[in-house]
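Before writing anything down, I want the sequence and the model in view.

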Amino acid sequence: MNRIQVEPFGRGFDCADDETVLEGALRHGVLLRYGCKHGGCGTCTVRLVDGDVEEHGSSFALSPGDRAADLILACASIPLEPCVIDVEPSGLTEEEYLSGDRSRPHDTRVGAVRPLTGDIAAVSLDVVGDPIAFTAGQFVNVEIPGTELVRTFSLANAPSDGRRIDLIVKLYPDGAFSRFLREGAVAGLPVRVLGPYGRLRIHLSHRDVLMIAGGSGLAPLLSMLRDLADRDFDRPVTLFFGARTAGDLYLTDEIRRVGSRLRAFEFRPVLSESWPADWAGETGLVTDALSRWRPRLAHDVYLCGPPPMIDAAVPLLTAAGVRPRNVYFDAFTPATPMTRTAALDPIIDVMTSRAE
Ligand SMILES: Cc1cc2nc3c(=O)[nH]c(=O)nc-3n(C[C@H](O)[C@H](O)[C@H](O)COP(=O)(O)OP(=O)(O)OC[C@H]3O[C@@H](n4cnc5c(N)ncnc54)[C@H](O)[C@@H]3O)c2cc1C
Ligand code: FES
């Protein structure tokens with residue numbers, strides 16, 4: 001048994017010898033932020049201030065730079081001795097820590113599935129029972145009916161609309177969820193969803209907002225845009241949306257409609273591969289368009305999309321003057337094997353420890 005001291009709250013919990021830091025926290029009814037629970041999403045990143053841990057399972061969400069900065073994944077770290085962790089990298093508040101895990105299973109039914117482009121679909125799930133409470137930017141784990149598989153997708157609707165779960169899903173030829181959408185997702189079919197999870201959220205400040213989306217990465221940013229519009233946000237917001245061709249852009253009218261509810265909104269679509277003769281938007285990679293846009297930046301920046309886009313954009317943003325602490329992103333990493341049992345384990349643990 002090892003004591004885990006949690007800073008900056010000055011609180012703590014005990015971890016059993018074979019437990020990860022995350023499992024220990026959830027078993028004691030306190031929350032550390034988490035998502036995939038298998039080292040894939042980086043949501044559970046904390047700083048190891050003192051003590052030592054053993055890495056368990058995959059932890060590919062951490063870069064060498066993260067490791068050098070003593071960052072660890074709570075879901076993949078088993079304490080070897082008493083440890084002190086700082087939860088600041090996960091953005092957790094003391095209130096959230098003490099309230100415990102709010103994520104839970106939600107019963108939904110397939111509402112509609114409609115193609116947005118050749119390989120991206122809009123999926124709408126109707127929540128049965130109590131609405132889902134989430135913050136803009138969070139994601140859910142969706143159980144694929146008829147299988148033991150779970151897949152991660154960001155919510156695209158506004159938190160004010162918790163009776164539905166809108167997803168924007170990239171379809172892969174051999175993807176399990178993609179196959180379900182193509183072949184089995186008939187209206188009314190029950191689908192169980194776990195969540196919400198994730199640390200990506202709006203940080204209100206005096207800075208202007210810059211959003212950068214690639215592919216299906218628009219989903220959480222659209223949720224944030226909708227939320228900012230609901231809140232009558234008054235700072236300028238700019239959205240760069242990168243796609244290969246005009247046919248790969250989608251929901252552009254909806255983006256403009258939501259943007260028109262903001263005080264100052266600029267939409268900058270960027271096409272990288274080919275564009276019509278009358279194309280009035282940007283061309284090249286979204287990172288090229290960013291460099292041309294402004295030489296110096298001092299924004300709060302939100303990024304979502306494929307890992308290579310995030311990897312290219314983050315150094316460019318910081319070189320242009322954005323403070324690393326003001327860059328927030330979710331990289332849409334592919335799923336590694338995650339079964340329903342694994343996805344539910346900590347929730348069962350929490351329920352057990354609360355019932356005792
Ligand atoms: C926090 C988070 C939020 C996410 N939100 C979204 C979202 O809103 N919309 C969305 O479309 N995706 C999102 N993803 C990514 C999504 O979870 C994965 O792409 C998932 O694996 C797709 O499931 P699938 O069953 O269709 O394909 P799988 O069965 O998982 O994979 C099938 C094939 O496609 C390849 N593949 C799958 N995903 C990727 C990828 N991302 N990049 C490259 N190759 C891949 C696999 O290697 C495999 O060959 C998110 C990921 C994370 C971590
Ligand atoms: S990396 Fe730990 S919860 Fe996803």
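Here are my entries on the sheet, its helices and some ring pairs.

**Ground rules.** I'm working from a predicted model, where local features need pLDDT of at least 70, side-chain atom pairs count only at pLDDT 80 or more, and totals for chains, interfaces and linings use all residues. Residues are numbered from 1 along each chain as its sequence is written, chains are lettered from A and ligands numbered from 1 in the order written, and side-chain values use heavy atoms, without hydrogens or water.

**Sheet.** I took helices (H or I, at least four residues) and strands (E, at least two) as DSSP runs, numbered from the N terminus. Which order do the six strands of the open sheet take? I read E17-E16-E15-E14-E18-E19, with parallel pairing. Strands pair if DSSP finds at least two bridges between them. At the edges I found E17 (282-283) and E19, each pairing on one side only. E15 (residues 237-243) and E16 (residues 265-271) run parallel and are joined by seven bridges. I picked out Leu-239, whose bridge partner in E16 is Phe-267.

**Helices on the sheet.** Next I checked contacts (heavy atoms within 4.5 Å) and angles, which run from 0 to 180 degrees between N-to-C directions, with axes fitted to C-alpha atoms, for helices over the stretch in contact. H5 (residues 218-230) lies across E14, E15, E16 and E18, at about 150° to E14. H8 packs on the sheet too, touching E14, E18 and E19, and makes about 160° with E18.

Which of its residues are buried? I noted Met-309, Ile-310, Ala-313 and Leu-317. Buried means under 20% relative accessible area, exposed over 50%, partly exposed in between (1.4 Å probe, protein chains only). Their cover includes E14, H7 (286-293), E18 and E19. After H8 comes Gly-321, with a positive phi near 115°.

**Rings.** Rings of Phe, Tyr and Trp (its six-membered ring) pair with centres within 6.5 Å; planes under 30 degrees apart are stacked, over 60 edge-to-face, the rest tilted. I got eight aromatic pairs by this rule. Phe-9 and Tyr-97 are tilted, 5.5 Å centre to centre with 45° between planes. Phe-9 sits in the loop between E1 and E2 and Tyr-97 in H3, so their pair ties together parts 88 residues apart in sequence. Tyr-97 is buried, at 2%.
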